[in-house]
Amino acid sequence: MSTYHYRFVDGKTVKIRYNVLDYRSHTRNILYKLILTKYTIFAIIKIRPHPKQKNTTMKKYYDEPPEPHKINRDKLPWLVRVHTLDVPEGAKKYLRTTVHEVIRPDGTLGFHFVNQYPQGASVTPIDVVNGHGYVIMGEQFRYPHISPDIKAGLSIGEVPDLADLARKRKLGRWSIEVPSGGVEIIDGKLETPVQAAIREAREEAGVSLKEGQLDRLLPPIFGSVSTNYQEFNLFAALLKDGQWDPSKIAPDPEEQGLKVAAYRLDTVVPEMINQGRIWEMSTVTALNSLWRRKKYRRYL
């Protein structure tokens, strides 16, 4: 027995046939061989749809960390094909965007959008002056974001047309951030996250650090985990005399107009976060994680 339905794929109407074998002579969970042809997709499905599941969710309170969930590989989606989106040649070292077309365990078709970035690292450099801690940060112009005055003109919940705003030269917002960037290949060798953080501190803030000075604030974190894949590493360091020299700043071309300054940790930084002037996610996370280490907590 066969059932059919039609989908629009790659500019063509594709006929999808589901072959349903006689379940009396096979087990309920027989999987069908996946065959892709020019006009027909023989999909992997189960013989019968899953029965409607009862909601058995109960309140759970943990006083200790629970055991991590184990992944049942047999219940992961089956990959049908990968669509790679074109990006300019110069951007390929920063981003790879793909769309994964999958068949879920219940037989339905779905899509996963994946933006893959190089591993990232940041460092929060703290200069101590007269017993007060000052974090050194750079103010940068961030192109794909909307300034508060432009956002105020949008309706609540309205999704902005970024391309239209760019054409009207209304796209862009200033952001105050700790030095950060992606891991790069230097002299034929891939940097470690610590090496990348030290290089970014020198280029973006004029701060000269040594590997032994950096403290990891958190295990690697990931942002926007539903679509983005980028492991990010957060570090902090207390500076010694002479380690900050703004004249040594050497920003990348896309960082033109970079302005570097030191902001007092216990007064100015919290106020600027509350005002929305420090809003970049890894920077806010790093600043709020300083309390985890006693050597930094005294300056908060």
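This is a predicted model: local features need pLDDT of at least 70, side-chain atom pairs count only at pLDDT 80 or more; totals for chains, interfaces and linings use all residues.
Helix α3 is mostly covered, with 10 of its 13 residues buried; the buried set holds P193, A196, A197, I198 and A201, together with R199, E200, E203, E204 and A205. These buried residues pack against a series of strands, namely β8 (120–129), β9 (132–142), β11 (180–182), β12 (185–186), β16 (232–238) and β17 (259–264).

The largest nonpolar core contains 21 residues, among which V135, M137, L265, V269, I278, L287 and L290 touch the most other members. Strands β9 and β16 and helices α4 (268–274) and α5 (281–288) each contribute at least two residues to this core. A second core, separate and made up of 15 residues, includes A196, A197 and A201 as well as L239. When neighbours within four places in sequence are set aside, L287 is in contact with T124, V135, M137, L265, V269, I273 and I278.

The largest pocket has a volume of about 1,700 Å³ and is lined by 40 residues, of which Y117, R142, G181, Q230 and F232 lie nearest its centre. At least two lining residues come from each of β9, β10 (173–177), β11, α3 and α5. By residue class, the lining of this pocket divides into 14 nonpolar, 14 polar and 12 charged residues.

Key. Residues are numbered from 1 along each chain as its sequence is written. Side-chain values use heavy atoms; hydrogens and water are left out. Buried means under 20% relative accessible area, exposed over 50%, partly exposed in between (1.4 Å probe, protein chains only). Helices (H or I, at least four residues) and strands (E, at least two) are DSSP runs, numbered from the N terminus. Contact means heavy atoms within 4.5 Å. A nonpolar core is a set of buried Ala, Val, Leu, Ile, Met, Phe, Trp, Tyr and Cys residues joined through side-chain atoms within 4.5 Å. On a 1 Å grid over the protein atoms alone, a cavity is a set of points where a 1.4 Å probe fits but cannot get out, and a pocket is an open set with protein on both sides within 12 Å along at least five of seven lines; lining residues have an atom within 4 Å of a point. Grid points are joined across faces, edges and corners, and a volume is the space filled by probe spheres set on the points. Ala, Val, Leu, Ile, Met, Phe, Trp, Tyr, Cys and Pro count as nonpolar, Asp, Glu, Lys and Arg as charged, and the others, Gly among them, as polar.
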